[in-house]
Amino acid sequence: MKYIERTNYLNRLIGLKNTPDIKIITGIRRSGKSELMRAYINYLKTNEPKANIIYLDFYDLEYEKYKDYKALYKFVKDHFKNNKNNYLFVDEIQLCKNFELAINSLHNSGQYDIYITGSNAFLLSSDLATLFTGRFIEIKVFPFSFNEFSIYYDAKKNIEDLFDDYVVKGGLAGSYSYIEEIDRKAYISDIYTTIVTRDLMQKYNLPDSMVLDHLAEFLMDNISNITSPNRIANILSTNKINTNHVTIGKYIKYLCNAYMFFDIKRYDIKGKKYLDTADKYYLNDIGLRFVVLGNRNLDYGRVYENIVAIELLRRGYDIYIGKLYQKKVDFIAIKGDEKVYIQVSDDISSEATLKREIEPLLQVKDAYPKLIIARTRHNIYQHEGIKIINIADWLLQNKF
């Protein structure tokens, strides 16, 4: 498989070097967590050759005997070197029983700069504060962006054809190695099945995967739609799936904990308050949808909205769904003092569609930037002061 250096993530780790935090690399299965760790180790070996690097990979049988917290602790202490910067890297940490006892003790000693990765279902964002009593920083790794996808394929096609490919293939780069489409889909299908029918079943001791599987498919089929556990439970019950809104609410949380979906809240722009009635759920990688559901109920406008949502999260924005009177703004994206209002659409060539997309933005009266991202296939232009940009071009940029 061709190797692409993920510069943004690598620079993030470099910027955190020797800070007193446990650095925890998280993300959906096969998103590149282990590759990122190895790339950072190579960086240290090149730029700090005198550093002492302690590395364990619990998927490697060489480290089988250290899969107990006491053995892990002893291994690390035995490999400590005085008068050097000691870096500790542990890959697939969840395979070590009671690993948090060893990591917390090592962190408390102040002798190590610690980096760990783990399975998405067993090292969850919701668990980190409980597992680690010291300070930690979570580095969330996403599947390939469209920019990384374009670099991987050397932009051999024109940008619009590449974007069409990305919409279907998604960013799970391990699938790019397969020449035959049936093999590529099998690779992605295996990731989905492993998360839903094995990881989460084992993590939460679920009786069976039927409800979880139907829920995941429903959420994939309804990306970019506002929905609620009540509505989902009613629809599944109508289809003879025995469940209720409490179970659905819990299972949605499980899927989000495993980084398969992201739960995005709604915000009342005029009332300046968050709304609790219903949310939107965006799929971490759109390639999963095309493998699991194919072209069923395909709406490219909603697919593009999902891609933009994940890209905003990848770029470090907090995002919300905007409500203004009876109209909606697809995203309010916030990072520090920066704020931008965004509408996402497929084809805005008709006057009626453009009016529908632009009206909510025109009603927002503050001075923050407003943007429409659509499949225009044209250069950036403006309409009534609102910037309109082609989605493929926007995805290749690092700023608005």
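**Buried residues and nonpolar cores in a predicted model**

At a relative accessibility of 5%, Ser-224 counts as buried. The model is a predicted one, and in it Ser-224 occupies the loop that runs between helix H9 (210-221) and strand E6 (226-227). Although Ser-224 is not a glycine, its phi is positive, at about 75 degrees. Most residues other than glycine have a negative phi. Tyr-259, also a residue other than glycine, has a positive phi near 65 degrees. The loop that holds Tyr-259 lies between helix H11 (245-257) and strand E7 (261-268). Tyr-259 is buried, its relative accessible area being 4%.

The chain contains 15 helices and 14 strands. Its radius of gyration is 22 Å, close to the 21 Å given by the globule rule for 400 residues, and the chain is therefore as compact as a globular protein of that length. Along the principal axes, the C-alpha atoms fill a box of roughly 70 × 50 × 50 Å. Buried residues make up 54% of the 400 residues of the chain. Among contacts with a separation of 6 or more, 66% join residues 24 or more positions apart. The accessible surface amounts to about 18,800 Å², and carbon and sulfur atoms account for 48% of this area. The chain carries 56 positive and 51 negative charges, whose mean positions are 4 Å apart.

The largest nonpolar core comprises 96 residues. Within this core, the residues with the most contacts are Leu-219, Leu-255, Phe-261, Leu-312, Ile-319, Phe-331 and Ile-342. Helix H8 (residues 181-204) supplies the largest share of the core, with nine residues. When residues up to four places away in sequence are left out, Leu-219 touches Ile-232, Ile-252, Leu-255, Phe-261 and Tyr-281.

Ile-332 is part of strand E10 (residues 327-335). Ile-332 has a relative accessible area of 4% and is buried, because this value falls under the 20% cut-off. With residues up to four places away in sequence not counted, the contacts of Ile-332 are Tyr-267, Ile-269, Asp-318, Ile-319, Tyr-320, Gly-322, Lys-339, Val-340 and Tyr-341. One of these, Ile-319, is also listed among the residues with the most contacts inside the largest nonpolar core. Between Ile-332 and Tyr-304 the C-alpha to C-alpha distance is 16 Å, at a sequence separation of 28 residues.

How values were computed: Residues are numbered from 1 along each chain as its sequence is written. This is a predicted model: local features need pLDDT of at least 70, side-chain atom pairs count only at pLDDT 80 or more; totals for chains, interfaces and linings use all residues. Side-chain values use heavy atoms; hydrogens and water are left out. Helices (H or I, at least four residues) and strands (E, at least two) are DSSP runs, numbered from the N terminus. The radius of gyration is taken over C-alpha atoms; the globule rule is 2.2 Å times the number of residues to the power 0.38. Buried means under 20% relative accessible area, exposed over 50%, partly exposed in between (1.4 Å probe, protein chains only). Contact means heavy atoms within 4.5 Å. Accessible areas come from the Shrake-Rupley method with a 1.4 Å probe; for residues, only the protein chains shown count as cover. Lys and Arg count as positive and Asp and Glu as negative; His and the chain ends are not counted. The place of a charge is taken as NZ of Lys, CZ of Arg, CG of Asp or CD of Glu. A nonpolar core is a set of buried Ala, Val, Leu, Ile, Met, Phe, Trp, Tyr and Cys residues joined through side-chain atoms within 4.5 Å.
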